[in-house]
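Here are my notes on this entry, point by point. Please read them alongside the structure.

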Amino acid sequence: MKLNSDYWEERYQNNETGWNVGEITLPLKEYIDQINDKAIRILIPGAGNGYELEYLIQKGFENSYVVDFATTPLENIQKRLPNLDRGHLIQSDFFDLEGQYDLILEQTFFCAIDPELRKSYVQKIKSLLKPTGKLAGLLFQFPLTEVGPPFGGSIEEYKNLFKNDFTIKTIETAYNSIKPRKENELFFIFEKK
């Protein structure tokens with residue numbers, strides 16, 4: 001299976017988006033709510049329908065951006081946020097992205113890429129973050145299988161993957177996951193070294 005832009009576009013066109021909750025999830029909402037600096041530059045990779053972006057914009061985080069392989073979810077965001085400058089919606093392969101961000105929010109993107117790309121993901125995140133930048137969000141906590149997406153993992157795997165390039169500030173089972181994901185999500189904050 002090739003997890004390329006055609007694959008994801010087809011999933012959106014066929015409404016095969018079981019990961020789509022229809023709104024921002026509570027762990028990310030609560031994390032965003034405690035951020036005071038509205039001027040920081042934020043990126044959400046593999047944003048899909050971008051409910052996190054919508055929430056950020058509503059809260060005054062105007063330097064927020066999404067990137068996605070597929071065009072349909074970006075069009076969906078634009079319909080919901082018609083006044084948003086199109087420059088905030090980047091249609092691209094995440095691994096081709098350039099720029100510098102203070103914060104990258106992870107929500108179902110890491111679990112959707114081929115597990116063979118995980119080391120490349122870490123390096124790409126590191127290159128996109130400013131020197132004091134953070135990666136924060138949710139990772140799935142269930143055994144890594146060959147069938148996916150989503151692809152899972154464990155705290156130990158994630159710590160080993162990120163520890164050389166990031167300071168692990170927190171990684172723990174999310175207490176406020178939505179019911180279908182209860183006990184299967186890890187909330188984390190990693191700071192660029």
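How many nonpolar, polar and charged residues are in the lining of the second largest pocket?

1. The model is predicted. By class, the lining of the second largest pocket splits into 4 nonpolar, 3 polar and 3 charged residues.

2. The space in this second largest pocket is about 190 Å³. Its lining consists of Y31, Q34, I35, D37, I40, D102, L103, T132, G133 and K134.

3. β5 gives the most, with 3 residues.

4. Now the aromatic rings. The model has 14 aromatic pairs. One of them joins F94 and F109. Their centres are 5.1 Å apart, with 65 degrees between the planes, and the pair is edge-to-face.

5. Where do F94 and F109 lie? F94 sits in the loop between β3 (89-91) and β4 (101-107), and F109 in the loop between β4 and α5 (118-128). The pair therefore ties together parts that are 15 residues apart in sequence. Both F94 and F109 are buried.

6. A second pair to check is F162 with F166. The ring centres lie 5.8 Å apart and the planes meet at 70 degrees, so this pair is edge-to-face; the cut-off is over 60 degrees. F162 and F166 are both buried.

7. Finally, the wider picture. Ring pairs link F94, F95, F109, F110, Y121, Y158, F162, F166, F188 and F190 into a cluster. Both pairs described above, F94 with F109 and F162 with F166, have their rings in this cluster.

Technical notes. Residues are numbered from 1 along each chain as its sequence is written. This is a predicted model: local features need pLDDT of at least 70, side-chain atom pairs count only at pLDDT 80 or more; totals for chains, interfaces and linings use all residues. Side-chain values use heavy atoms; hydrogens and water are left out. Rings of Phe, Tyr and Trp (its six-membered ring) pair if their centres lie within 6.5 Å; planes under 30 degrees apart count as stacked, over 60 as edge-to-face and the rest as tilted. Helices (H or I, at least four residues) and strands (E, at least two) are DSSP runs, numbered from the N terminus. Buried means under 20% relative accessible area, exposed over 50%, partly exposed in between (1.4 Å probe, protein chains only). On a 1 Å grid over the protein atoms alone, a cavity is a set of points where a 1.4 Å probe fits but cannot get out, and a pocket is an open set with protein on both sides within 12 Å along at least five of seven lines; lining residues have an atom within 4 Å of a point. Grid points are joined across faces, edges and corners, and a volume is the space filled by probe spheres set on the points. Ala, Val, Leu, Ile, Met, Phe, Trp, Tyr, Cys and Pro count as nonpolar, Asp, Glu, Lys and Arg as charged, and the others, Gly among them, as polar.
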